[in-house]
Amino acid sequence: MISPSLTKKLESYGIQVDTLLKLISTALDEDAPNGEDKTSQAAIPLESSSRAEMRARKSGVVAGAGIAAAVFETLGLTVEIKRSSGELVEANDSILVVSGNTREILLGERTALNFISHLSG
């Protein structure tokens with residue numbers, strides 16, 4: 001599930017949220033079947049929490065920040081979008097900040113990065 005405010009933002013871009021959530025679920029299942037990342041389970045305590053930032057690698061225009069945020073929110077994480085789709089960024093600018101369970105952050109990071117990097121490319 002994603003927050004009502006993010007749902008509203010995504011809908012304002014013309015995104016069908018139900019379809020997006022199915023796509024996110026499929027991508028997460030493909031990357032980590034049964035929602036399990038064996039490496040994280042072996043190396044990171046279950047109760048570990050973290051804060052992570054997604055930053056721009058180079059200057060450009062952000063696309064897909066809301067979709068990346070939706071990936072993390074579906075995993076029960078807290079997300080703060082720092083730069084919305086359509087905004088200009090410079091290299092190393094923060095795009096979003098994620099906090100919560102470390103294992104869940106790591107579970108979603110590849111999927112979120114794939115979406116935002118393809119859309120912003």
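Student: Which residues of helix 2 meet helix 5?
Tutor: This is a predicted model, so keep that in mind. In helix 2 they are L23, I24, A27, L28 and D31. Across from them, helix 5 brings L107, G108, R110, T111 and F115.

Student: What classes of residue are in that contact of helix 2 with helix 5?
Tutor: There are six nonpolar, two polar and two charged residues.

Student: At roughly what angle do the axes of helix 2 and helix 5 cross?
Tutor: At roughly 125 degrees, and the axes come within 10 Å. The two helices are therefore oblique to each other. Helix 2 passes helix 5 in a right-handed crossing.

Student: Let me zoom out. How many helices and strands are in the protein chain?
Tutor: Five helices and five strands.

Student: What pattern do they follow along the sequence?
Tutor: It reads α-α-α-β-β-α-β-β-β-α.

Student: And what is the radius of gyration of the protein chain?
Tutor: It is 14 Å. A compact globule with 121 residues would have a value near 14 Å, so the chain agrees with that. The C-alpha atoms fill a box of roughly 40 × 30 × 25 Å along the principal axes.

Student: What share of the residues is buried?
Tutor: Buried residues make up 36% of the 121.

Student: What share of the contacts comes from residues 24 or more positions apart?
Tutor: They account for 75% of the contacts with a separation of 6 or more.

Student: Now helix 4. Is it mostly covered or mostly open?
Tutor: Mostly covered. Nine of its 10 residues are buried.

Student: Which ones are buried in helix 4?
Tutor: A65, G66, I67, A68, A69, A70, V71, F72 and E73.

Student: What covers those buried residues of helix 4?
Tutor: The cover includes helix 1, helix 2 and helix 5. It also includes strand 1, strand 3 and strand 5.

Student: Let's take helix 5 from that list. How far apart are the axes of helix 4 and helix 5?
Tutor: They are 8 Å apart, and the helices pack at an angle of about 165 degrees. Helix 4 covers residues 65-74 and helix 5 covers residues 102-120.

Student: Why are they called roughly antiparallel?
Tutor: Angles over 145 degrees count as roughly antiparallel. Helix 4 and helix 5 are therefore in that group. Their crossing is right-handed.

Student: Which residues make the contact between helix 4 and helix 5?
Tutor: Helix 4 gives A65, I67, A68, V71 and F72. Helix 5 gives I105, G108, E109, T111, A112, F115, I116 and L119. By class, that contact has 10 nonpolar, two polar and one charged residues.

Student: What about helix 2 and helix 4? At what angle do their axes cross?
Tutor: Roughly 65 degrees, with the axes coming within 10 Å. That makes helix 2 roughly perpendicular to helix 4. This crossing is right-handed.

Student: Which residues make that contact of helix 2 and helix 4?
Tutor: L20, L21, I24 and L28 come from helix 2. I67, A70, V71 and T74 come from helix 4. They divide into seven nonpolar, one polar and no charged.

Student: What follows helix 4?
Tutor: G76 does. Its phi is positive, near 80 degrees.

Student: Now N92. What is its phi?
Tutor: Near 80 degrees, a positive value in a residue other than glycine.

Student: Where does N92 lie?
Tutor: In the loop between strand 4 and strand 5. N92 has a relative accessible area of 48%, so it is partly exposed.

Student: Which residues is N92 in contact with, leaving aside neighbours within four places in sequence?
Tutor: R55 and A56. N92 and A56 are 36 residues apart in sequence, but 5.0 Å apart in space, C-alpha to C-alpha.

Student: Last one, N114. Where is it found?
Tutor: In helix 5. N114 has 33% relative accessibility, so it counts as partly exposed.

Student: How far apart in space are N114 and A27?
Tutor: They are 9.7 Å apart, C-alpha to C-alpha. In sequence, N114 and A27 are 87 residues apart.

Key. Residues numbered from 1 in each chain as written. Predicted model: local features only at pLDDT ≥ 70, side-chain atom pairs only at ≥ 80, totals over all residues. Heavy atoms only, no water. Axes fitted to C-alpha atoms, helices over the stretch in contact; angles between N-to-C directions. Helix = DSSP H or I, 4+ residues; strand = E, 2+ residues; numbered from the N terminus. Parallel < 35°, antiparallel > 145°, perpendicular 65-115°, else oblique. Left-handed = near helix turned anticlockwise from the far one by under 90°. Contact = heavy atoms within 4.5 Å. Nonpolar A, V, L, I, M, F, W, Y, C, P; charged D, E, K, R; others polar. Buried < 20%, exposed > 50% of the residue type's maximum accessible area, 1.4 Å probe, protein only. Rg over C-alpha atoms; globule rule 2.2 N^0.38 Å.
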